[in-house]
Amino acid sequence: MNDTDSSTGTTSGSEHRLPDDVLIIVPMRNVVLFPELVLPISVGRPGSVAAVQEAVKSGRSLGLVLQREADVTDPGPDDLYSVGTMASILRYIVGEDGHSLICHGQSRFRILNYIDGYPFLLARVEHISPREIHDPEIEARLLTLRSQALEALQLLPQTPEELIRAVRAIDRPALLADTIAGYLDLTPDEKQEILELTDLRARMERVQQRLDYRVEVLRLSQKISQRTQESMSERQREAVLREQLRSIQQELGEGSEHDEELRALETRIDEADMPEEAESQARRELARLARMPEGAAEYTMARTYLDWLLELPWSSLDEEHIDITAARGILDADHYGLERIKKRILEHLAIHKLNPEGRSPILCFVGPPGVGKTSLGQSIARAMGRKFIRASLGGVHDEAEIRGHRRTYIGALPGNILQGLRKAGTRNPVFMLDEMDKLGAGIQGAPASAMLEVLDPEQNATFRDTYLGVPFDLSRVMFIATANVLDQIPGPLRDRMEVIELPGYTAEEKVEIARRYLIARQRQACGLDETRLTLTDAALYQLVTAYTREAGVRNLERLIGAVARHAAVRIAEGEMAALAVDTGDLATILGAPRFDNELAMRTSVPGVATGLAWTPVGGDILFIEASRAEGSGRLILTGQLGDVMKESAQTALSLIRARATELGLDARQLGQSDIHVHVPAGAIPKDGPSAGIAIHTALMSLLTGRCVHADLAMTGEITLRGLVLPVGGIKEKVLAAQRAGIHTVLLPARNRRDWEDIPEQAREQLTFHWVEHIEEVTRLALEEPDTADA
């Protein structure tokens, strides 16, 4: 690298200013710098030091030219090649070891003539401008050169990653050729030959020839090294290492304990009664474990995997004792009402008792929160004498949560299914998959798709968890799913389950549930007994109707808990020995009632009708308000209505306009009025076609000036012909009407098929009218016109 072997340096420079058209020349020994490359250089000869110092002082570039003979101490013009590289000085350092500088190559030049009279070489030069050529041949050579250079760098030991990235990033043919030539292991004369090639094609071809030779040498070198390493067979090497390990363990007193652990694992494999494939995998893993030292990184992973294989209940089955009479008693004791659901569960148990080997269907309980879906699963497990396991699927967005992670991941585990079975310790538990409709989906896959294999009786006998890698039989597991909304479960998954819908409770059923279960549970939670806290039936009924409005009983239980805590404070303070709560005490304990009967107030003016709506947490009542103002016949819709509900409103108005003469309305006045339809609770989005007849009734009430009956509600889809079409959620809507104090309900005639689903109490308390045409709705819903002034 050094241009001289002398360490003396002078600071003599020119006494007068150098001409502008000359270049300071520094002779180089065994070093060729290519344009756009950076290279550290050491100088020591007096002339070279003077040249560098003059360049630094005057801010000039240097001309670096290779010597023809490296052993010439004081080279003259005849001792140098005629082509060199112009370079700028990035850094100049004077130290104990001499003068060092870091140069950055700029461009090629050719020496025309030298100038005498200076303490260093000075010459007039001709700059060789680079010509970038872009044609298919050059592009092909560029790709070939880059590929060969990367291969050479990969074959070299300890190649800097920065150099590999730099070669990948070069997209200029000239720069790539110069970079490879600069870093390639060539002689100085070979590099000078490449530097003097000004034709780009010739230069790239010469660099490729040199690179081909170098790559072939590196390949042969690697093969020789591999052949040498493989001279000792793997088995001989393993035997030597194992013998050394055994000697070390004996010296440390660890060998016997490790061997004992391996023998214990082998005994567990013998006793696990695994299927053939699982047992073969376990023995292979045990053999791997025996070959590993305990301190190896993979030892813990292999041992954890083996533990999972051995702890799964491959053959453990709980003995069942199914007594249908006892099962009916358990279901009646745990749940009030739900007669149709209990009947289906008893049918399932009876069939399983008569045919234990048959494939049991997958039950899916669908209903609003708080109606007892999860507790039904626990009751089924008790009735069958099986263990109960529950896995919550709400928010699961990774397929690996169901199927397990690959063993290569840190902290990998089987999925929730096999984790639950390991916890149960048996192959035939009752397994509840809670919140099936809340499965998510993300970049890690769709968990709902992974559930298809789990819940398919035709496939789950060979369920393969990704972590285990061997099949596990899930056919004896009784799976029960729960969901709030059926529509959010994917169709293929829904098709594999038998859906059982749980309706909301009536007010009377809630009072009975509170009396039988909720009060006792809250008494126990607060440390009270029957003598210290009592609630009258009237107080319970007021809790149900005035303080809650829900399909289930969770909020009701919270309110009873608040009453129990109030009693506990009073009794603990010694203020009283017992508390009997009646209707007059609720306002003091819980505050003012949260719900009241606002039907009369909301429907006491024309243009207001009461509809029935379905929500994921049960049914609800919906008020439709309409008003008219002078305008251009526009229809204004507010209340966060969805597209389907907007279309229902447009259909209702179009039907009225088409029949205006028949209805006794002024069609011209109707065309000059803006109609505004609003559905209160504007912060809640609403959609669906079932409010069609309610919107039509509100518009008819507005336009005719006749009020809608205050105790009447309705649901149904409307067509432009005036037909009333069937809708869904009849059971939930009827129960919502009953809770809200409605007395009369208008339902589509084609929904008579849902009559059996309506609870008996609601059938007895409400009056039902089955309507087929909108004229029937208008006749039943609107009050008679006031004829006092006639």
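Predicted model: local features only at pLDDT ≥ 70, side-chain atom pairs only at ≥ 80, totals over all residues.
Trainee: Is E277 buried, partly exposed or exposed?
Mentor: Buried means under 20% relative accessible area, and exposed means over 50%. E277 has 38%.

Trainee: How many salt bridges does the count come to?
Mentor: Side chains of opposite charge can pair when their charged atoms come close. Some are linked in a network, such as D135, E137, R141 and R201. The count comes to 42.

Trainee: Where do E285 and R288 both lie?
Mentor: These two form a salt bridge, with the closest N and O atoms 2.6 Å apart. They sit three residues apart, about one turn of the helix. Both lie in helix 9.

Trainee: Is E285 buried or exposed?
Mentor: The cut-off for buried is under 20% relative accessible area. R288 has 27%, so R288 is partly exposed. E285 has 3%, so E285 is buried.

Trainee: Which residue forms a salt bridge with R516?
Mentor: Stay in helix 18 and look four residues away, about one turn of the helix. The closest N and O atoms are 2.9 Å apart.

Trainee: Which helix gives the most to the lining of the second largest pocket?
Mentor: This pocket holds about 580 Å³ of space. Of its 25 lining residues, the closest to the centre are G370, V371, G372, K373 and S375. Helix 13 (373–384), helix 18 (507–525) and helix 20 (554–572) each supply at least two residues of the lining. The one that gives the most, with six residues, is helix 13.

Trainee: How many charged residues are in the lining of the second largest pocket?
Mentor: Sort the lining by class. Eight residues are nonpolar and eight are polar. The charged residues number nine.

Trainee: How much space lies in the largest cavity?
Mentor: The whole structure has four cavities of 30 Å³ or more. The largest is lined by R359, S360, I362, P457, N460, S475, V477 and F479. By class, that lining has four nonpolar, three polar and one charged residues. Its space is about 50 Å³.

Trainee: What is the phi of N30?
Mentor: Most residues other than glycine have a negative phi. N30 lies in the loop between strand 1 (23–28) and strand 2 (38–43). E36 lies in that loop too, with a positive phi near 70°. For N30, phi is positive at about 60°.

Trainee: Is L90 buried or exposed?
Mentor: L90 has its place in strand 4, residues 83–95. With V38 and I102, L90 forms a nonpolar patch on the surface, with about 240 Å² of accessible area together. Its relative accessible area is 53%, so L90 is exposed.

Conventions. Residues numbered from 1 in each chain as written. Heavy atoms only, no water. 1 Å grid on protein atoms, 1.4 Å probe; cavity = no way out; pocket = protein on both sides within 12 Å on 5 of 7 lines; lining within 4 Å. Points joined across faces, edges and corners; volume = space filled by probe spheres on them. Nonpolar A, V, L, I, M, F, W, Y, C, P; charged D, E, K, R; others polar. Patch = residues over 30% accessible without salt bridge, like charges linked within 9 Å, V, L, I, M, F, W, Y side chains within 5 Å. Areas by Shrake-Rupley, 256 points an atom, 1.4 Å probe, with all protein chains shown as cover. Salt bridge = Lys/Arg side-chain N within 4 Å of Asp/Glu carboxyl O. Buried < 20%, exposed > 50% of the residue type's maximum accessible area, 1.4 Å probe, protein only.
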